Amino acid sequence: MSPANTLFIVNHLSERVARKGSVLEAISGDTQTPLHTLGNFEDLPDTVLRAAKNKTPHIFIEGGDGTVQSVLTAFLRRKDQFEAFPTFSIVPGGMTNQVAKNIGLISASRSLIEKTMTHVQAPTSTVPLLSVASPDHDPFYGFLFSTGGLPMITEYTKSNIHNKGIGGSLAVAGGILRGISGKREDVMYPTEITLELNGQTISEDHLGTVVTTLPGLILGLDPFWGTEDAPLRVTYGRGDTRRLYKHVAGLWAGQKSKDRSKDGLKSWNTHKIDYHYSGPVVLDGEALDFPSHEFSLTPTDPIGFVY
């Protein structure tokens with residue numbers, strides 16, 4: 001694929017890009033590939049509309065999970081402007097790079113990026129995203145959504161681990177281990193929630209929900225064991241969830257068939273989840289705010305990723 005058929009989008013504030021510089025920017029200077037650098041993100045919609053007008057078939061995104069979420073949200077909100085929706089390649093440029101580790105390039109390598117630009121022996125994947133919709137605003141689109149405990153762990157990690165210079169998967173592991181330890185109330189606490197999925201309504205204090213369309217999560221942890229044929233994978237913890245450390249360790253070891261309901265943990269696959277919730281909410285590491293406290297999760301059509 002020629003540079004004219006490709007668009008590079010770079011966030012210079014993403015952790016790895018800020019430290020080491022942008023690989024896409026260097027390639028752009030040598031190949032004249034169109035480049036958009038993200039500032040305050042306000043001009044991103046205009047860039048998306050130009051890509052639609054130019055029929056750009058392949059978009060590279062260099063940044064972290066929050067950058068990927070923002071860019072894909074901008075594209076999907078304007079999907080009807082595209083004659084053919086583009087494919088995407090994700091260059092890891094952030095702190096944890098959860099999305100890139102699943103469906104992105106394995107590294108920010110110039111040779112790998114240039115090979116991916118030509119699609120020479122490059123693997124591809126089609127994955128739906130989560131659509132998070134509410135009466136308050138246009139939908140957000142991303143890959144990993146959570147309420148309750150995980151957003152609290154995310155905030156704890158940013159405040160108590162990242163500020164010590166520890167980043168990436170190690171920081172995530174530290175936050176999770178602190179959250180599931182015997183003193184988890186220092187990190188997370190139950191919050192009231194009502195949700196509807198698969199014909200049932202749950203209304204009680206909950207420790208958290210985690211929802212994804214990704215085939216796996218980082219660090220080998222994949223805490224989902226639902227059996228329904230549906231694209232949204234969700235795990236739910238009651239407010240009085242017990243033996244969390246033991247269950248997370250078991251899931252880390254791949255024990256998916258065990259019934260954990262008596263200890264307050266359940267997992268399903270579903271096509272839609274309706275929430276009424278006023279507590280903390282995070283999508284791909286970024287906090288969301290829903291003034292109405294009403295929102296729903298559904299899958300998008302599958303999107304193509306080249307890596």
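These are my notebook entries on what I looked up in the structure above.

**Ground rules**

I am working with a predicted model, so I take local features only at pLDDT of at least 70 and side-chain atom pairs only at pLDDT 80 or more, while totals for chains, interfaces and linings use all residues. Residues are numbered from 1 along each chain as its sequence is written, and side-chain values use heavy atoms, with hydrogens and water left out.

**Entry 1: the overall chain**

I began with the secondary structure and found nine helices and 17 strands in the protein chain. Helices (H or I, at least four residues) and strands (E, at least two) are DSSP runs, numbered from the N terminus. Next I checked burial: of the 307 residues of the protein chain, 51% count as buried. Here buried means under 20% relative accessible area, exposed means over 50%, and partly exposed lies in between (1.4 Å probe, protein chains only). I also looked at contacts, meaning heavy atoms within 4.5 Å. Among those between residues at least 6 apart in sequence, 74% join residues at least 24 apart.

**Entry 2: aromatic rings**

How many aromatic pairs does the structure hold? I get 12. Rings of Phe, Tyr and Trp (its six-membered ring) pair if their centres lie within 6.5 Å; planes under 30 degrees apart count as stacked, over 60 as edge-to-face and the rest as tilted. I picked out F75 and F88, whose ring centres are 5.3 Å apart with planes at 85°, so I noted this pair as edge-to-face. The pair links distant parts of the chain, with F75 in helix α4 (residues 65-76) and F88 in strand β4 (residues 87-92), 13 residues apart. Both F75 and F88 are buried.

**Entry 3: charges over rings**

My cut-off for a charge over a ring is NZ of Lys or CZ of Arg within 6 Å of the ring centre and within 35 degrees of the ring normal. I also noted R260, which lies over the face of W225 at 5.0 Å from the ring centre.

**Entry 4: salt bridges**

A search of the whole structure gave me 12 salt bridges, each a side-chain nitrogen of Lys or Arg within 4 Å of a carboxyl oxygen of Asp or Glu.

- E15 and R19 meet through their side chains at 2.6 Å, N to O. Both lie in helix α1 (residues 15-20), four residues apart, about one turn of the helix. E15 is partly exposed at 27% relative accessibility, whereas R19 is exposed at 53%.
- R110 bridges to E114, with the closest N and O atoms 2.9 Å apart. These two are four residues apart in helix α6 (residues 110-118), so about one helical turn separates them. E114 counts as partly exposed at 31% relative accessibility, and R110 counts as partly exposed at 32%.
- R238 bridges to D240, the closest N and O atoms being 2.7 Å apart. D240 is partly exposed with a relative accessible area of 47%, and R238 is partly exposed with 23%.

I also traced shared partners: salt bridges join D30, R110 and E114 into one network.

**Entry 5: S14**

Where does S14 sit? I found S14 in the loop between β1 (6-10) and α1. S14 is buried, with a relative accessible area of 7%. Its side chain reaches the backbone nitrogen of G64 at 3.3 Å. Leaving aside neighbours within four places in sequence, S14 is in contact with G63, G64, T67, G93 and G94.

**Entry 6: the β6-β7 hairpin**

Strands β6 (residues 130-134) and β7 (residues 137-142) run antiparallel and are joined by four bridges; two strands pair if DSSP finds at least two bridges between them. The hairpin from β6 to β7 passes through two residues. S131 stands opposite Y141 in β7.

**Entry 7: F224**

Is F224 buried or exposed? F224 is buried, with a relative accessible area of 3%, and lies in the loop between β10 (200-212) and β11 (232-238). Setting aside neighbours within four places in sequence, I listed the contacts of F224, among them V210, L217, R233, K256 and S267. I also checked L251, 27 residues from F224 along the chain, and found their C-alpha atoms separated by 8.2 Å.

How values were computed: Polar contact = N/O pair within 3.5 Å; in protein donor to acceptor, adjacent residues only side chain to side chain.
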